[in-house]
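I opened my notebook to get to know a new structure. Here is what I looked up, entry by entry.

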Amino acid sequence: MKLREVIEVLSAEILCGEKSIDGIEIQNGYASDLMSDVLAFASPYVLLLTGLTNIQIFRTAQMLDIPAIVFVRGKMPQVDLLELAKESEMPIIVTKSSMFDACGKLYANGLLPCIIPDRQGG
Amino acid sequence: MSAEIYEEEYSIDGKEFVAIGVASTKIKAALKMLGIPSDLIRRASVIAYEAEMNVVIHGGGGIMKLEIHPDFIEIIARDEGPGIPDISKAMEEGFSTATDKIREMGFGAGMGLPNIKRNSDNMEIKSEVGKGTEVHAVIGIKRE
């Protein structure tokens, strides 16, 4: 799915990274407010959907080669996060949709989930 | 790449929660610059970031070291914090001693050490209560 379509489907607002948007196409999405789990379970190049807004959300995304972040529930990312995202030209998108709503719309439009690996003690 | 070892050490401030990830970002950039394959860079970045997080939130600061050998990458994280009394417990998924502040930021779910292990080909933890903790994580580089 093209990131441009994601933005349309979610009626989302682009906060930065406009220049990178047309070059980004994603296959999978991962939605979580728990970055510990994003680091453990998100596959490479996924679209991250979250309601957390602190700077570590950007760092998590950067470590995992996540190309763009969607903030749900109209949550605005913190200023220091936006500054880092602007520097690296990562698209930051905000939608008023809830997490469930945003995921449902993207799933219905062909975005796939990440596979959670089997593991012991999980 | 020549057979020379690339080595760099990064100091980690224990008080600055906002700065968590700065050293890992540098590690990621160094690996990229040295032409390491992107899947290995991602694994190394996750290891570095999880380890850096631990050094700040549990160790009160310390150092991280990146070593690139001809056939493996090693990431070392060291702190002089309280140490881990029961390492096997700390390796259990879901076990965490993180504070509410860390949890509010979206971390501290007890996934860090298991995640470091999952992304490593070999991982070792040395820890002594009252003295500190040292984590070694190794990723093999397969050459075609």
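Before I count anything by helix, a note to myself: helices are DSSP runs (H or I) of at least four residues, numbered from the N terminus. I also keep in mind that this is a predicted model.

**Entry 1: chain B as a whole**

I began with the elements of chain B and found 5 helices and 5 strands. Reading from the N terminus on, I wrote their order down as β-α-α-β-β-α-α-α-β-β. Next came the radius of gyration, which is 15 Å for chain B; the globule rule gives 15 Å for 144 residues, so the chain is as compact as a globular protein of that length. Along the principal axes, the C-alpha atoms of chain B fill a box of roughly 45 × 30 × 25 Å.

I then asked what share of the residues of chain B counts as buried. The figure is 52% of the 144 residues. I looked at contacts too: among those in chain B between residues at least 6 apart in sequence, 64% join residues at least 24 apart.

**Entry 2: aromatic rings**

How many aromatic pairs does a search of the whole structure find? My search over all chains gave 1. The partners are B:Tyr49 and B:Phe107, edge-to-face, with 6.1 Å centre to centre and 85° between the planes. B:Tyr49 sits in helix 2 (residues 38–57) of chain B and B:Phe107 in the loop between helix 4 (100–104) and helix 5 (112–119) of that chain, so the pair ties together parts 58 residues apart in sequence. Buried or exposed, I wondered about B:Tyr49 and B:Phe107? Both are buried.

**Entry 3: the largest pocket**

I turned to pockets, and the largest has a volume of about 580 Å³. It is lined by 34 residues, and the closest to its centre are B:Asn54, B:His58, B:Ile84, B:Thr97 and B:Leu113. Both chains take part: among the elements that give two or more residues to this lining are helix 3 (35–41) of chain A and strand 5 (132–140) of chain B. Helix 2 of chain B gives the most, with 6 residues. Sorting the lining by class, I noted 18 nonpolar, 10 polar and 6 charged residues.

**Entry 4: the second largest pocket**

This pocket holds about 270 Å³ of space. Of its 16 lining residues, A:Ala40, A:Ala42, A:Ser43, A:Pro44 and B:Asn119 lie nearest the centre. Which element gives the largest share of this lining? I found helix 2 of chain B, with 4 residues. By class, I listed 9 nonpolar, 3 polar and 4 charged residues in the lining of the second largest pocket.

Definitions and conventions:
Residues numbered from 1 in each chain as written. Chains lettered and ligands numbered in written order. Predicted model: local features only at pLDDT ≥ 70, side-chain atom pairs only at ≥ 80, totals over all residues. Heavy atoms only, no water. Phe/Tyr/Trp six-rings, centres within 6.5 Å; stacked < 30°, edge-to-face > 60°. Buried < 20%, exposed > 50% of the residue type's maximum accessible area, 1.4 Å probe, protein only. 1 Å grid on protein atoms, 1.4 Å probe; cavity = no way out; pocket = protein on both sides within 12 Å on 5 of 7 lines; lining within 4 Å. Points joined across faces, edges and corners; volume = space filled by probe spheres on them. Nonpolar A, V, L, I, M, F, W, Y, C, P; charged D, E, K, R; others polar. Rg over C-alpha atoms; globule rule 2.2 N^0.38 Å. Contact = heavy atoms within 4.5 Å.
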